[in-house]
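I opened the notebook to log what I looked up in this model. The entries follow the order in which I checked things.

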Amino acid sequence: MNFKMLIVILLLSLSATAQTNKPSRKMAVTFDDLPYVAAGQSPDLPNAQRATKEILRVLQTHRVPVVAFVNEGKLQVTGEVDARIALLQQWVDAGMILGNHTYSHPDFNALTVEQFQDEIIKGEVVTRRLMQSHQPYQLYFRHPMTHTGDTQAKKEAIESFLAARCYKVTPHTIENSDFIFNVGYVRALRHEDEAMAKRLRQAYLDFTMAATEFAERISLQIFGREITQTLLLHANDVNADYLEEMLRRFAGRGYRFVTLDEAMSDPAYETKDAYVSQFGPTWLWRWMKSKGMEVTLIHHLIWKFAESWPVAPDSACTC
Ligand SMILES: [Zn+2]
């Protein structure tokens with residue numbers, strides 16, 4: 001073996017080692033509040049059409065399978081019903097799965113079980129019809145604001161109701177408060193404040209990565225390993241414009257994107273969510289509480305901080 005060949009073999013070996021050492025992580029991506037979260041724009045249909053097109057372009061380019069949750073009440077805008085249903089059809093045509101996020105995005109804390117059941121039934125009419133071409137598929141449900149029941153009885157009653165209608169409740173392990181960044185971002189665009197839009201972009205992407213790193217560390221603490229993460233995003237402008245950069249950053253952390261079905265097949269997701277609260281924390285928090293694990297001060301502070309974030313009045317969703 002000559003010297004050059006030895007160098008080549010050494011480099012290949014180093015490259016293989018580097019490849020092995022690169023973290024191999026998995027993530028499912030979900031979107032809420034379809035067809036679109038308007039943050040004060042008027043009229044918002046052209047914005048919704050632009051955002052839908054751009055989000056789907058990025059998801060298809062990066063081969064990201066998504067379950068996207070619909071509020072069918074948002075379709076009922078005079079003169080725009082067909083155009084809004086067409087937005088949902090674009091998601092289906094792009095190979096994405098539609099899920100139920102209730103009809104009008106109510107807070108379960110303020111509703112009776114019966115009222116919330118009506119919201120679920122009313123919220124699945126168009127979605128089920130659009131998904132007919134994709135049979136069979138898993139029906140997924142996500143509670144608005146991930147408020148899963150502020151009493152044990154309400155939580156269990158809705159869990160039973162959903163199971164009887166073949167729905168799985170959808171957890172999330174990473175929440176990046178995109179709905180807050182979106183309000184500031186849309187405002188900056190409206191005022192043509194490019195400097196502010198740029199600062200928000202950087203802050204949004206950095207915060208998303210910090211939330212991801214945090215979820216990785218907490219999952220290690222709970223399960224002794226990094227689990228498949230599930231990210232919760234909204235169909236809004238900040239994601240239309242920055243999703244591509246976000247996905248690149250995830251890929252840089254070693255993530256590949258899997259279906260929600262695959263994420264839910266991670267044994268971690270079999271952990272019972274026994275946590276009853278008026279708030280809607282991530283499932284990592286719920287699992288910690290359910291397992292009786294010590295919630296350290298730092299976790300407590302972070303989640304308390306997240307819970308106390310101001311909800312912008314023109315933001316449609318706080319989940
Ligand atoms: Zn929502």
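Below are my notes, from the whole chain down to single residues.

**Overall**

I am working with a predicted model. I started with the secondary structure: the protein chain has twelve helices and eight strands. I then looked up burial. Of the 319 residues in the protein chain, 37% are buried. Residues 24 or more positions apart account for 81% of them.

**Helix 2**

I turned to helix 2, residues 45-61. Helix 2 has 17 residues and reaches 24 Å from its first C-alpha to its last, close to the 24 Å expected at 1.5 Å a residue. Which residues of helix 2 are buried? I noted Asn47, Ala48, Ala51, Thr52, Ile55, Leu56 and Leu59.

After helix 2 comes Arg63, with a positive phi near 50°.

**Helix 7**

I checked helix 7, residues 178-190, in the same way. Helix 7 has 13 residues. From first C-alpha to last, helix 7 reaches 18 Å, close to the 18 Å expected at 1.5 Å a residue. I listed the buried residues of helix 7 as Asp178, Phe179, Phe181, Asn182, Val183, Tyr185 and Val186. What covers them? The cover includes helix 8, strand 7 (229-234) and helix 9. Just after helix 7, I noted a positive phi of about 50° at Glu192.

**Helix 8 against helix 11**

I then looked up the packing of helix 8 (residues 194-223) and helix 11 (residues 283-290). Their axes are 10 Å apart, at an angle of about 20°. That makes helix 8 roughly parallel to helix 11, because an angle under 35 degrees counts as such. The crossing of helix 8 and helix 11 is left-handed. From helix 8, the contact is made by Ala215, Ile218, Ser219 and Ile222. Helix 11 brings Leu284, Trp287 and Met288.

**Ser290**

I stayed in helix 11 for Ser290. Is Ser290 buried or partly exposed? I have Ser290 as partly exposed, with 15 other C-beta atoms within 10 Å. Leaving aside neighbours within four places in sequence, Ser290 is in contact with Thr271, Lys272, Asp273, Ala274 and Tyr275. Ser290 and Thr271 are 19 residues apart in sequence. In space they are 8.3 Å apart, C-alpha to C-alpha.

**Thr30**

My last entry is Thr30, in strand 1 (residues 25-34). Thr30 has 22 other C-beta atoms within 10 Å and is buried. Burial needs 20 or more, so Thr30 qualifies. I looked up what Thr30 touches, not counting residues up to four places away in sequence. The list is Val66, Val67, Ala68, Phe69, Thr170, His172, Thr230, Leu231, Leu232, Leu233 and Leu260. I also noted a distance: Thr30 and Ile97 are 67 residues apart in sequence and 9.6 Å apart in space, C-alpha to C-alpha.

Note on methods: Residues numbered from 1 in each chain as written. Predicted model: local features only at pLDDT ≥ 70, side-chain atom pairs only at ≥ 80, totals over all residues. Helix = DSSP H or I, 4+ residues; strand = E, 2+ residues; numbered from the N terminus. Expected span 1.5 Å × (residues − 1). Buried ≥ 20, exposed ≤ 12 C-beta atoms within 10 Å, placed from the backbone. Contact = placed C-beta atoms within 7 Å. Axes fitted to C-alpha atoms, helices over the stretch in contact; angles between N-to-C directions. Parallel < 35°, antiparallel > 145°, perpendicular 65-115°, else oblique. Left-handed = near helix turned anticlockwise from the far one by under 90°.
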